[in-house]
Amino acid sequence: MVCIVNLIIFGPPGAGKGTYSFRLQRLIGITKISTGDIFREEVKKGTELGKKVKPYLDAGQLVPDEIVIEIVKEAIKKASPKGFILDGFPRTVEQAKALEKIAKIDAIINLIVPDEIIIEKMSARRICKNCGEIYNIADIHKVIDGVEYILPPMLPKNDMKCDRCGGELIQRDDDKPEVIKQRLEVYKKQSKPVLDYYRGKVPFIDIHVNRGPEIMVKVIIDKLKEAGLIQE
Ligand code: AMP
């Protein structure tokens, strides 16, 4: 697969941004840059940055723009020459404006998922304590507004231990129901202007997430090919 492509993956928390960008990293070699992962790692290591951002993560609130922008700038410098996929950034118009000065974005993958599905999926998400690999124990099969959602669980092969490293699977503190509601509110209020900011400027690849990742990743890759952003 040939590509030099810089992408943003957008969507409410729990829509699958992390899962899809992990898989796109593996399949097309672009670097996944997840601000949430970077912050969680810093909190885990107990660094100065980790201590600074922990209260925001715990409360489901956004970390101040200047901190996030600096982190992303550094991560983009280290990204693969094939390009990158930003997961969880930008989340404010200020961040989008700062990004424009750092790199050119070729497309936005816009994940669309109803709230009901998000709440069910997020409460069921589990991540590996060591490597951050994502799993999900929800088995969703329902119809909402005429669309059929078949989202199978993403379980590890062995007894709730990570397939990649054998690590213990845990629930993120901010995937608990009280924080999920808060994060959805924050998303709606603060991130809609970001999408509005990009409309007409950068091509949107709208993806209705109504099947599991195996199928959805193929849909995303086909759409990237159709848009001429990656070639076989
Ligand atoms: P995520 O894993 O993307 O849902 O991010 C988890 C948490 O990290 C968020 O609830 C915020 O506290 C913080 N965070 C991640 N990305 C950003 C961002 N672009 N701007 C502000 N805060 C962020």
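How many cavities of 30 Å³ or more does the structure hold? In this predicted model, the structure holds 2 such cavities.

The largest cavity has a volume of about 210 Å³. It is lined by 18 residues, and Gly16, Thr19, Lys121, Asn136 and Met154 are the closest to its centre. Three elements, α1 (17-28), α6 (115-123) and β7 (134-136), each supply at least two residues of this lining. The largest share, 3 residues, comes from α1. Sorted by class, the lining of the largest cavity consists of 9 nonpolar, 6 polar and 3 charged residues.

The second largest cavity contains about 90 Å³ of space. Among the residues that line it are Ile9, Phe10, Lys17, Phe89, Arg91 and Tyr187. Two or more lining residues are given by each of β2 (5-10) and α7 (177-198). The lining of the second largest cavity has 6 nonpolar, 3 polar and 2 charged residues.

The packing of nonpolar residues was also examined. In soluble globular proteins, nonpolar side chains tend to be buried together. The largest nonpolar core has 34 residues, and those with the most contacts inside it are Leu7, Tyr20, Ile109, Leu111 and Ile207. Helix α8 (residues 213-226) gives the most to this core, with 5 residues. Another core, of 31 residues, lies apart from the largest one and includes Val63, Ile76, Ala79 and Tyr197.

Tyr20 belongs to the largest core. Leaving aside residues up to four places away in sequence, Tyr20 touches Ile9, Ala15, Leu111, Val209, Arg211, Pro213, Met216, Val217 and Ile220. Of these contacts, Leu111 is also listed among the core residues with the most contacts, and Ile9 also lines the second largest cavity.

Methods: Residues numbered from 1 in each chain as written. Predicted model: local features only at pLDDT ≥ 70, side-chain atom pairs only at ≥ 80, totals over all residues. Heavy atoms only, no water. Core = buried A, V, L, I, M, F, W, Y, C linked by side-chain atoms within 4.5 Å. Buried < 20%, exposed > 50% of the residue type's maximum accessible area, 1.4 Å probe, protein only. Helix = DSSP H or I, 4+ residues; strand = E, 2+ residues; numbered from the N terminus. Contact = heavy atoms within 4.5 Å. 1 Å grid on protein atoms, 1.4 Å probe; cavity = no way out; pocket = protein on both sides within 12 Å on 5 of 7 lines; lining within 4 Å. Points joined across faces, edges and corners; volume = space filled by probe spheres on them. Nonpolar A, V, L, I, M, F, W, Y, C, P; charged D, E, K, R; others polar.
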